[in-house]
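Here is a quick tour of a two-chain model, written for someone who likes the cut-offs spelled out. Have the viewer open while you read.

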Amino acid sequence: MAEKRKKKLGIKQRYSMLTRGLGWDTTYQDMDKVFPYDNYEGIIIHDWEGWEDPFRLTMDAYWKFQSEKEKKLYAVIDSFAQNNGHLGITDARYVNALKLFLTGVSPLEYQAARGFTHVGRQFRGVGPRVACQMQAIDELRHVQTQIHSMSHYNKYFDGLHSAPHMHDRVWYLSVPKSFFDDARTAGPFEFLTSISFAFEYVLTNLLFVPFMSGAAFNGDMATVTFGFSAQSDEARHMTLGLEVIKFMLEQDERNIPIVQRWMDKWFWRGTRMLALVAMMMDYMLPKRVMSWREAWDIYFTEAGGALFADLARYGIKPPKYADIATKEAEHISHQAWHIFYNYTHAAAFHTWVPGKEELDWLSEKYPTTFDKYYRPRLEYLDKEEKAGRRFYNDTLPMLCQVCQIPMGFTDMDDPTTISFEVSEYNGDKYHTCSLGCKDIFDYEPAKYVQAWLPVHQIYQGNCGGAEVPDVLKWYNFNLGADNLEYNGSPDQKLWDEWQAHRKKA
Amino acid sequence: MSYALTIEPIGEVLEVEEGQTILDACLRAGIYIPYQCNHGLCSTCKVEVVEGDVDLGDASPFALMDFERDEGKALACVCTLQSDVVIEADIEEDEDAEYLAIKDYKGTVSEVVDLTPDVKKIIISLDEEVDFQAGQYIQLDIPAVDGPRAFSIANSPDNSDHIELHVRLVEGGQGTNYLHNELVVGDILSFSAPYGHFFVRKSQNKPMIFIAGGTGLSSPKSMIEELLKAGYGEKITLFHGVRAAADLYYQKYFEELAEKHENFSYIPALSEKKAGDDWGGEVGYVHEAAERYFDGSFAGHQAYLCGPPPMIEASIRALMKGRLFENDIYCEKFLSKADGGGDKRSPLFKRI
């Protein structure tokens, strides 16, 4: 056995020596006035020193790391562009997943940057403040690198030209947008519970892993590289999510019911938003990674189960309605795709009926439900389209007051009956898609009655005009190119030409 | 082929198998290095290689930059050794850890006594002193049994010319069957020691709670004997949970100890009191006895848990409900060979 070595100063001690005295209590102003937001949510903190910063990163080191990551990433992006990387993807249908990501998810990174910038000012504890500030810069880097990674596709494919503009206006993009609006307008602790814990920790593997493995499976190396570059930041983000939960739960027992309510709320809001990812996995990837059902079982039921088993020690219960969400994993991708198939004339990406082999794959992955409920409908739509009667739904759907998804999801025990709930507030009726969304509404009705619901706004004349084409122009869509069925789209035409050239060569 | 891995700043030395990652070796030895993805992608487990050759494995170029590779950084979750290696990791130093070197010993069985119908006390006498911290365990080689078995040391380090073990007969267990049925006074046994990170954090000067289940009494006995002898000033409370009165042992010993020391209390509890048991003490699970005794409030204490996994888990929940958290909870799980890999955990907790 080797000899024992002499002890020296640990990394933690060195860091505390380096940063000592950099945080201080104010003297001529009351701390409560300087930090007015960190106690009004009811979270009680006795000792801010109880916050453990596991990263101990200095700003100097932070810049050095991030600039190295950028150098690497941009080298890959450049070579992807120079080598016409877009020709190496499996099929042009894949790009529709990128369209959804760029308009639906990338702007959330920017929203996250805004949120973390805000709360990075609001905590009186130095540890969380610095962690939030660094994360704010990470998020800005993520939105920027995502736009740059995908900009190459914008040269050839439709629907990628106005992501931020669309994010603010387009009906289905109000689903992710309202999620972050809700989080950013909450207090700082709820913001961290929603984004750092529920989103970055509990649900992140259901959002990023499917997109990034989807990219890898479908030959999109630019997006894969972005994924690796971002993932090296995510560890810090996930740790922040776990740390804030432990911190709140350990500081005072009166925090427990508040944290539980936030977990219930943000778990449900998160799963609602993930309906978009579910349909991406099951329908939009020409080469599939795994089914949504499988992803849910691995990342939520198993990994989330281990987490909530540990949280039970604090008296935290698994999120309310987790059982319903698990039932939904069997149905939600099919129902969401069907909604978009109905309204793809008003969407900035294409939809289609999967080919026979793809339908067989879905039958295999969803043996008890797909053939019974969804395959006959898709085959019918396919027949109609081939007969020149591609179905588009010309009425506008009712949206859930909370998650803002069209109310097309069903009761999970009865997949032929639409699910909806009604609440009353100040003499008006408000509709929600589920018990989960109804609970959220009922707890803070004054907040959710202010929701900017795209369909209501269209009917009120706030979205460019009375006719669908007026609204789509207001969305900045190129009509006939960005929207409608994939078969016959300019994307498909271009792709087929490239493939024909390739055959000739 | 295996290599020696030295971990700074604590100076601990581990044996690492060929192909075994640094992280795996550390976690198995009870040394916590912060980690997250376990796939070389996230960089949470970054360590510095101070000496020796390593294979960096499948570390993502974004999680371990080129300049960091040049500086000798590595990701513990994918890094393997190619020589004896010294690393520096983000490990918090434990003021009370003595980081004693592990050595091999040979001793003579000098006593085999029944403590209960299924627990034997075994004393192994030695010609030399054994270096260990109260609470640590030995790896005992048992004749005709594959691989060593772990047993906690029940005597205090002040009395280290022998090792006292409490061995419960595990049904179908090769090792304990041998010790119960074959072992006789005069036999020679070899073992290596000391192992484990279960020792008292006395430098923090907090009142201590010990919760022991069955033969989980061994470590607390060693720890409490040492503390009382050294004149530890804070309150010490020992809860010992067994099934029925026949399973309780050392009751008189601890009662006498409690009479002698004002700061020491002893509370045995029976979870399955039998009809004929002459018993006026606590009935129910041992963590429930602790909850009653402390009126459900544990804040400000330090807790040491030793026993089977269900007892540990129930006790952790009771303690956390009573506002005592990971930083003040230490545990030693008694797993038998049959318990296997254990359950899946999240990264929420590091040690418990």
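## Ground rules

This is a predicted model, so to speak of local features we need pLDDT of at least 70, side-chain atom pairs count only at pLDDT 80 or more, and totals for chains, interfaces and linings use all residues. Residues are numbered from 1 along each chain as its sequence is written, while chains are lettered from A and ligands numbered from 1 in the order in which they are written.

Helices (H or I, at least four residues) and strands (E, at least two) are DSSP runs, numbered from the N terminus.

## Where the chains meet

On chain A, 35 residues are in contact with 40 residues of chain B; contact here takes C-beta atoms, placed from the backbone, that lie within 7 Å. Helices H1 (11–19), H3 (59–82), H11 (221–251) and H14 (292–311) of chain A are the elements giving two or more residues to that side. H11(A) has the largest share, with eleven residues.

## A helix in chain A

Helix H12 of chain A covers residues 255–273, and its 19 residues should span 27 Å at 1.5 Å a residue; the end C-alpha atoms are 27 Å apart, which agrees. (The expected span is 1.5 Å times one less than the number of residues.)

H12(A) is mostly covered, with 14 of its 19 residues buried. Buried means that 20 or more other C-beta atoms, placed from the backbone, lie within 10 Å of the residue's own; 12 or fewer makes it exposed, and in between it is partly exposed.

## Chain B overall

Chain B has seven helices and 19 strands. Its radius of gyration is 22 Å, close to the 20 Å from the globule rule for 352 residues, so chain B is as compact as a globular protein of that length. The radius is taken over C-alpha atoms, and the rule is 2.2 Å times the number of residues to the power 0.38.

The C-alpha atoms of chain B fill a box of roughly 70 × 50 × 40 Å along the principal axes. Buried residues come to 43% of the 352. Of the chain B contacts with a separation of 6 or more, 70% link residues 24 or more positions apart.

## Sheets in chain B

One open sheet has five strands in the order S2-S1-S7-S3-S5 (chain B), with mixed pairing; strands pair if DSSP finds at least two bridges between them. Its edge strands are S2 (12–17) and S5 (73–75) of chain B. Strand S3 (residues 46–51) of chain B runs antiparallel to S5(B), with three bridges joining them, and B:Glu48 stands opposite B:Lys73.

Another open sheet has six strands, ordered S11-S10-S13-S8-S9-S12 (chain B), and its pairing is antiparallel. S11 (149–152) and S12 (162–168) of chain B each have a single partner strand, so one side of each is left without a neighbour in the sheet. Four bridges join S10 (residues 137–141) to S13 (residues 188–195) of chain B, and B:Tyr137 has B:Tyr195 as its bridge partner.

## One more strand pair

Strand S18 (residues 302–307) of chain B runs parallel to S19(B), joined by five bridges. Among the residues involved, B:Cys306 is partnered with B:Glu332. Four of the five residues of S19(B) (residues 329–333) are buried, so this strand is largely enclosed by the rest of the structure.

Technical notes. Two residues are in contact if their C-beta atoms, placed from the backbone, lie within 7 Å.
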